[in-house]
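Hello,

Here is the structure I said I would pass on. My notes follow below it.

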Amino acid sequence: MRPMTEDDLPRILELEARCFPESPWPEAEYLYELRENPFAQLRVLEENGEICGYIDWWILYDKAQLANIAVAPEYQRRGYAKAMLEECIRDAGEKGCETLSLEARVSNAPALALYRSYGFIDAAVRKRYYENGEDAILMVLPLGGEV
């Protein structure tokens, strides 16, 4: 994995549209994350020089938030989402975060299973969280806050 750059945005936006057709992040959101958000940690995962996945998490003092994670459909089921999630968890733990939280669509069974396999717990339901009215499950992973 390596840090995401603005040069990566054409591929990121392509993958975003393929992975999240109902509500892809616009380019402006990524530009904000890259240029202005001091809390954002953006990474890309490459295979043979091609970006096959990306992740964005925020380190907010003693808490971390997973903002976005995706793997290109043709690269799924190779452990890439796990590798990126593990990097996020490791980084948040090393920086002393007490928790790592995220929202996931109630319909996204593969993502929910992945997060639960790492010990995330269902903390709440965010009603009509997504643009299409779908609920999200707020999930939290206790990290301990040790530096």
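**Core**

The largest nonpolar core has 42 residues, and among these Leu66, Tyr115 and Phe120 touch the most other members. Please keep in mind that this is a predicted model. Nonpolar side chains tend to be buried together in soluble globular proteins.

Tyrosine 115 is worth a look. Setting aside neighbours within four places in sequence, tyrosine 115 contacts Leu66, Ile69, Leu85, Leu102, Ala104, Phe120 and Met139.

Start with S3, residues 50–60. This strand is mostly covered, with 8 of its 11 residues buried.

S3 pairs with S2 (residues 40–47) in the antiparallel sense, over 8 bridges. Within that pairing, valine 44 stands opposite tyrosine 54 of S3. The two strands make a hairpin with 2 residues between them. In the turn, asparagine 48 has a positive phi of about 50°.

S3 also runs antiparallel to S4, again through 8 bridges. Here glycine 53 has valine 71 in S4 as its bridge partner. This hairpin has 2 residues between the strands as well, and tyrosine 61 takes a positive phi near 65°.

Most residues other than glycine have a negative phi.

Arginine 77 is not a glycine, yet its phi is positive, at about 70°. Arginine 77 lies in the loop between strand S4 (63–71) and helix H3 (80–94). Is arginine 77 buried or exposed? Its relative accessible area is 78%, so arginine 77 is exposed.

Arginine 128 has a positive phi near 50°. Look for arginine 128 in the loop between strand S6 (121–126) and strand S7 (136–142). Arginine 128 is at 64% relative accessibility and therefore counts as exposed.

**Salt bridges**

How many salt bridges does the structure hold? There are 17. Side chains of opposite charge can pair when their charged atoms come close.

- Glutamate 94 and arginine 90 meet at 2.4 Å, N to O. These residues are 4 apart in helix H3, so about one helical turn separates them. Glutamate 94 is partly exposed at 49% relative accessibility. Arginine 90 is also partly exposed, at 35%.
- Lysine 63 and aspartate 62 join their side chains in a salt bridge at 4.0 Å, N to O. Lysine 63 counts as partly exposed at 39% relative accessibility. Aspartate 62 is partly exposed too, with a relative accessible area of 31%.
- Aspartate 91 forms a salt bridge with lysine 95, and their closest N and O atoms are 3.0 Å apart. Aspartate 91 counts as buried, at 6% relative accessibility. Lysine 95 is partly exposed, with a relative accessible area of 40%.

Beyond these pairs, salt bridges with shared partners link Arg11, Glu14, Arg18, Glu50 and Glu74 into one network.

**Where to look**

Then follow S3 to its antiparallel partners, S2 and S4. Finish with the salt bridge of aspartate 91 and lysine 95, where aspartate 91 is buried and lysine 95 is partly exposed.

Best wishes

Terms used
Residues are numbered from 1 along each chain as its sequence is written. This is a predicted model: local features need pLDDT of at least 70, side-chain atom pairs count only at pLDDT 80 or more; totals for chains, interfaces and linings use all residues. Side-chain values use heavy atoms; hydrogens and water are left out. Buried means under 20% relative accessible area, exposed over 50%, partly exposed in between (1.4 Å probe, protein chains only). A nonpolar core is a set of buried Ala, Val, Leu, Ile, Met, Phe, Trp, Tyr and Cys residues joined through side-chain atoms within 4.5 Å. Contact means heavy atoms within 4.5 Å. Two strands pair if DSSP finds at least two bridges between them.
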